[in-house]
Amino acid sequence: TRRTRRTRNDQCSQLQNKRMNNATYTERRKVMSWVYHARDLLRAEGLNMPRVQIRICEESDRTLGVAKINGQLAIWISQTAINEGNIKLGETVLHELAHTLFQAPHVNGCPLMHPCSHPKANLPACERVFVHLAKAHASE
């Protein structure tokens with residue numbers, strides 16, 4: 001079998017990529033379902049979402065996800081975020097997608113873009129902010 005060479009773009013400094021196996025593919029599928037949900041949110045508003053690379057990483061004490069900004073569209077989601085539950089995972093995926101797709105900065109008090117997991121965040125509020133950011137980015 002041919003082995004693909006890893007590049008610096010496949011990795012991030014804060015999280016360690018997991019080896020791809022059946023269990024990791026199952027975890028990746030959970031993340032991908034939220035990426036597809038985000039795509040559907042944008043399509044409902046007449047906007048398109050480009051392809052984003054997804055990486056699943058080992059558990060982390062401090063980091064739920066990381067996004068590459070300015071350049072390659074990629075997000076890294078930690079096993080910790082996946083273990084937090086489906087809704088928290090959705091909020092994390094939308095947060096990282098907002099970083100990589102719209103170069104959105106952290107905003108204290110924002111349900112989606114708060115630097116840490118916002119205690120009052122809920123999925124409908126995060127979805128509204130995500131769509132708002134997409135519209136603002138599209139109008140630039």
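A salt bridge is a side-chain nitrogen of Lys or Arg within 4 Å of a carboxyl oxygen of Asp or Glu. Under that criterion, a search of the whole structure finds four salt bridges. The model is predicted: local features need pLDDT of at least 70, side-chain atom pairs count only at pLDDT 80 or more, and totals for chains, interfaces and linings use all residues. Residues are numbered from 1 along each chain as its sequence is written, and side-chain values use heavy atoms, with hydrogens and water left out.

One of the salt bridges joins Glu-45 and Lys-135, at 3.0 Å from N to O. This pair links distant parts of the chain, 90 residues apart: Glu-45 is in the loop between α1 and β1, and Lys-135 is in helix α4. Helices (H or I, at least four residues) and strands (E, at least two) are DSSP runs, numbered from the N terminus. Accessibility is classed by relative accessible area: buried means under 20%, exposed over 50%, and partly exposed in between (1.4 Å probe, protein chains only). Glu-45 is partly exposed at 38%, and Lys-135 is partly exposed at 42%.

Another salt bridge connects Lys-30 with Glu-27, where the closest N and O atoms are 3.5 Å apart. Both residues lie in helix α1, three residues apart, about one turn of the helix. Lys-30 is partly exposed at 38%, whereas Glu-27 counts as buried at 15%. The side chains of Asp-40 and Arg-39 also meet in a salt bridge, 3.4 Å from N to O. Asp-40 has a relative accessibility of 38% and Arg-39 one of 25%, values that class Asp-40 and Arg-39 as partly exposed.

The strands come next. Two strands pair if DSSP finds at least two bridges between them. Three strands form an open sheet in the order β1-β3-β2, with mixed pairing. β1 and β2 (65-67) stand at the edges with a single partner strand each, so one side of each has no neighbour in the sheet. From one strand to the next, the twist averages 15°. β2 and β3 are antiparallel, paired over three bridges; Gly-65 has Ile-77 in β3 as its bridge partner.

Helices lie across this sheet. Axes are lines fitted to C-alpha atoms, for helices over the stretch in contact (heavy atoms within 4.5 Å), and angles run from 0 to 180 degrees between N-to-C directions. α1 lies across β1 and β3, at about 135° to β1, while α3 lies across β2 and β3, at about 155° to β3.

A nonpolar core is a set of buried Ala, Val, Leu, Ile, Met, Phe, Trp, Tyr and Cys residues joined through side-chain atoms within 4.5 Å. In soluble globular proteins, nonpolar side chains tend to be buried together. Here the largest core has 36 residues, and those with the most contacts inside it are Val-31, Val-93, Leu-97, Leu-112 and Phe-130. Elements that give two or more residues to this core include α1 (22-44), β1 (53-57), β3 (74-78), α3 (86-102) and α4 (123-139). Leaving aside residues up to four places away in sequence, Leu-97 touches Val-35, Ala-38, Val-52, Ile-75, Phe-102 and Phe-130. A second, separate core of five residues includes Leu-15, Cys-57, Val-66 and Ala-74.
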